[in-house]
Amino acid sequence: MPRFIIAACLRVLVLSSLLSGAGGDLSAQEQDAPWYEISQSALEPSEPDSKIQRRTPRETVRNFIALTGKEQFRDAAHFLNLSDLAADSRAQDGAELARQLALVIERQLWIDWAGLSARPDAMIETGAAKSAMVGSPRHDIGLKMVDINGQAYEIRLGRYKAPDTDPVWLFTPQTVQNIPVLYDAFGPRHFERYIPDSLTKPLGGLRIWEWILLPSLLAALLGLGWGVTRCVGWAARKIKRPLVRQAIERARVPLGFVVVAFAAQFMLKLGVSFSGPATTILRPFLLIVMVAGLGVTALKIVDAVLDRITRGVIGEIDDTRSLDQRELYTSIYAIRRIIVLLMVGIAVFVVLARLNLFDSLGMSLLASAGVLTVLLGIAGQAVLGNIMASLQIALAKPIRIGDSILFEGDWAYVESIFYTFLRLRTWDERRIIVPVKYFVSQPFENWSVTDARILKTITLFLDHRADIGILREVFFELAKEDEGVIEYEHLFAAVTEHSEAGQEMSFYAMSPDPSTGWSAAMRLREALMNHIREEHPDWWPQDRLELSRRARGTAK
């Protein structure tokens, strides 16, 4: 008998034994029914009622909100699965639980009505975000998940069916069990009992008192942030240690944002409970501000430490520094970029983990493959290209901070290498800002790539009567006396060009670095010109006119 037949028989026997051990026949629910079985008593009233329609998730949520808005909490309790409550207490406890859940939904849930299914089976018909569930009926739907003291609590709908009835959508028993905890965390605060009824009416998605309190709260927080930055700046000036003073001074602004975010979070947690739209916007925004503020504060402190180290060890960076020192400075900047990347990655991870943004309204669209690809293609191409080019420079080091380069006709020092641009300092103290991607795609001269020495050229244009031999001896004497000239064996002078107007003489001298070489070249040029002016003034270029015979006769 073939092996595959034996294997198939064994699988059938094992499956049969498992099914029999599990208790015989599977129920309809376990086989293919997209609902949970429930007792008839949990679905009261059983008779049709226009106010209590629960056929779809959207219908359940809409009718529940409508009934609780009219304070018909006893009717609204029929939208809760109260099967875990004692039968004799369901009427009274159900009404109170419905009231509490309505307030929690009002203050924590910004309902995406378009995304809430209007199908009885809640089937996802199309969509790439949850492609595994497309075309399959759903037993339950999550509306909101919140974090309370490190524990996750969810508001969820489930599809239930009692014998001889149609399936309906109810808030799950787990949601009902969580209602007291959610109400304590997000329900009305004590101060709200003193708010006049006229200010508790809804207006534009919020209550009237929220439109008054939100601007006042914003102004108070801005004032707090300004005060924190001023106090931190004052404290920094009192510190005698330069490193600590510089770190605190640089971090005072992001510290102000962190304090503001913490204060706002504290108010939202203990004192103020806003409506769902305000809470949905404020909490993610404050968390992002807090995480970003902490990240920037840490980065500023790291920057201050690295800057202090480089200034203390190396000092002002330019091409006069050794190759090892310039390598160190460039490596420190590379370390800074790596730290920034790590901090950004950690910050994004923390925000996503804390807020579960990809399951919230709007962010699910942003996370979809099509939209994300378009955004990265349009907005991220230039930024990512510059970042990759910056990392390429940090690793390959075609240039280093302090290198002397010639870029597009400008002699400059590489002063800083950032993520998206380079800052070049020219010899006349101008600053040239160049995108990194553009810089690495253009040819440039690096005069300090292996050695800062440079052979400077001094060019003079003189008359035909000038004697290169005399000027060569004068140049050698002047160069040997100049402090900016080294390696006298490289001294050289020659006539490099000749024309009817005169001759071009070039003089070459080696200098330890471009800066010194530029100054030495200026001094040597001036000294040669002084020698010609004092000893051989007839060597300066002269214009000659050739007269014809007729012109000479006329002149006579």
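The legends below describe close-up views of a predicted model. Residues are numbered from 1 along each chain as its sequence is written. In this predicted model, local features need pLDDT of at least 70 and side-chain atom pairs count only at pLDDT 80 or more, while totals for chains, interfaces and linings use all residues; side-chain values use heavy atoms, with hydrogens and water left out.

View 1. A salt bridge is a side-chain nitrogen of Lys or Arg within 4 Å of a carboxyl oxygen of Asp or Glu. Helices are DSSP runs of H or I with at least four residues, and strands are runs of E with at least two, numbered from the N terminus.

**View 2. Glutamate 415 and arginine 423 form a salt bridge (2.8 Å, N to O).** Glutamate 415 is buried at 13% relative accessible area, whereas arginine 423 is partly exposed at 28%. Buried means under 20%, exposed over 50%, and partly exposed in between (1.4 Å probe, protein chains only).

**View 3. Glutamate 487 and arginine 453 meet in a salt bridge, with their closest N and O atoms 2.6 Å apart.** Glutamate 487 lies in the loop between helix 15 and strand 13 (492-499), and arginine 453 in the loop between strand 11 (445-446) and strand 12, so the pair ties together parts 34 residues apart in sequence. Glutamate 487 is partly exposed at 25%, as is arginine 453 at 36%.
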